[in-house]
Amino acid sequence: MTEFKVKDILLAKQGILLIEWASRHMPVLSQIKRQFEKEKPLADVMIGACLHVTKETAVLVEALTAGGAEVALCGSNPLSTQDAVAAALAEKGISVYAWRGETTEEYYWCVNQVIDHKPIITMDDGADLVSTLHRKRTEALKGVKGGTEETTTGIMRLRSMEKAGALKYPIMAVNDAYTKFLFDNRYGTGQSTIDGIMRSTNVLLAGKNFVVCGYGWCGRGLALRARGMGASVIVTEVDPVRALEAVMDGFRVLPIEKASRVGDIFVTTTGDISVIRKRHMLEMKDGTILANSGHFNVEINISDLNSISCSKRTIRPNLEEYCLQDGRKLYLLAQGRLVNLAAAEGHPSEVMDMSFANQALSVEHLAKKEKMEPKVYSVPKEIDERVAKLKLRAMNVEIDELTEEQEKYIATWEAGTV
Ligand SMILES: NC(=O)c1ccc[n+]([C@@H]2O[C@H](COP(=O)([O-])OP(=O)(O)OC[C@H]3O[C@@H](n4cnc5c(N)ncnc54)[C@H](O)[C@@H]3O)[C@@H](O)[C@H]2O)c1
């Protein structure tokens, strides 16, 4: 019998409809699922997954089980689980341990339940599963053949494990595939972060000073979309090249100290800690809105916010008002957790189609490979290109092919000025 722990199994019917809706918009993953159904490349593979439990993740789980795998799943954030989807997965026989609003203790209880299933392959979003295995559950490490990692922050943690010689099995860096970060981090985070801000505040973006902290792939997408909504976008950065790029992309670049005085809405997308802290909060205007779209809830220093506030109220779901000693009010969205997942539904399915196609094909790659060193690996170029080709085909977009003459020309060094 399948074991599971979800908020309410009676939500399953609603969850099944949501999964169907996502699946309609995920043609690449659907095609991989059909191939998996025929070839069963994951027969007898136990997969332990720590991913945001969304309708798109459910479509991925269905593709993996079609390939013969058994999947145990927990959420990768205490606030991102879609309870109806978790219920639907449990009803479909998946061992799922996830509900929205887990405490930190419950969150790690769920991670440990997944480890109890003795995974052969792990799938992570933020590296909490890998880190728990390496620090607290070392007895389960020996059975693990490999893993995948979905996000920038997770890859950073894993690379530092590799550098320290602590990583015990190979990991495929799904985040670093072109067909992942160029679309998921940029257009997915861009759109869904705006969605999270709209759902939790419904404020007008046009005319607001919208501060984006970090001009990486997520920040670029968010800045682009906020500008599209009529906001006046300010970027903060620590990397001179990225800051220059933001300037040339037409954004105002300021240090956070200065941006703090003029911003109306702040969103952190850095993967860094305490990007917005006490001294910045003390400079902010009455009514300022703070949100985070980076992986962990450490980018806005919430204990600083608590320390300068004399009271706190929940205004509406995912919107908390902090009243400062001088009467100014600051508004924090989704408790500083990923606003696009906690206050909205995460990335649109069309984007997750590519991210999760990379996940599914990376899992297949790991399952087929005989021996890999315990290192962080790039997703093979063939997988990236295959995902791009399938997506273009699904979108009815045709492209050109190199002629023989062109192939030869770009491969030679002799030809020059004519
Ligand atoms: N919300 C989502 O659904 C979602 C999706 C993908 C990635 N992420 C997460 O978002 C974060 C950013 O990911 P990315 O792919 O854009 O990373 P990235 O490395 O491309 O960009 C991060 C940028 O932040 C800058 N930065 C670092 N510290 C800073 C600071 N103190 N002030 C200003 N800028 C600073 C870096 O210089 C870099 O340009 C990560 O935590 C990642 O895991 C979230």
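## A ligand and the residues around it

Helix α8 gives the most to the shell around the ligand, supplying three residues. Keep in mind that you are looking at a predicted model. The ligand takes up the space of the largest pocket, and there are 28 residues around it.

**Who surrounds the ligand**

- Among the 28 residues around the ligand, the ones that come nearest are T151, T152, T153, E237 and S293.
- Sorted by class, the shell has 16 polar residues, seven nonpolar residues and five charged residues.
- Four helices each supply at least two residues of this shell: α7 (152-163), α8 (178-201), α9 (217-228) and α14 (339-342).

- Start with N185, where a polar side-chain atom lies 2.9 Å from an oxygen atom of the ligand.
- In W217 it is the backbone that takes part: one of its N or O atoms lies 3.1 Å from a ligand oxygen atom.
- C218 also uses its backbone, with an N or O atom 2.9 Å from an oxygen atom of the ligand.
- Taken alone, the ligand would expose 860 Å², and the protein buries 87% of that area.

**Aromatic pairs**

- How many aromatic pairs does the structure hold? There are seven of them.
- F181 belongs to helix α8 and W217 to helix α9, so their pair ties together parts that lie 36 residues apart in sequence.

Methods: Residues numbered from 1 in each chain as written. Predicted model: local features only at pLDDT ≥ 70, side-chain atom pairs only at ≥ 80, totals over all residues. Heavy atoms only, no water. Near = heavy atom within 4 Å. Polar contact = N/O pair within 3.5 Å; in protein donor to acceptor, adjacent residues only side chain to side chain. Areas by Shrake-Rupley, 256 points an atom, 1.4 Å probe, with all protein chains shown as cover. 1 Å grid on protein atoms, 1.4 Å probe; cavity = no way out; pocket = protein on both sides within 12 Å on 5 of 7 lines; lining within 4 Å. Sits in = over half its atoms within 2 Å of the grid points. Nonpolar A, V, L, I, M, F, W, Y, C, P; charged D, E, K, R; others polar. Phe/Tyr/Trp six-rings, centres within 6.5 Å; stacked < 30°, edge-to-face > 60°.
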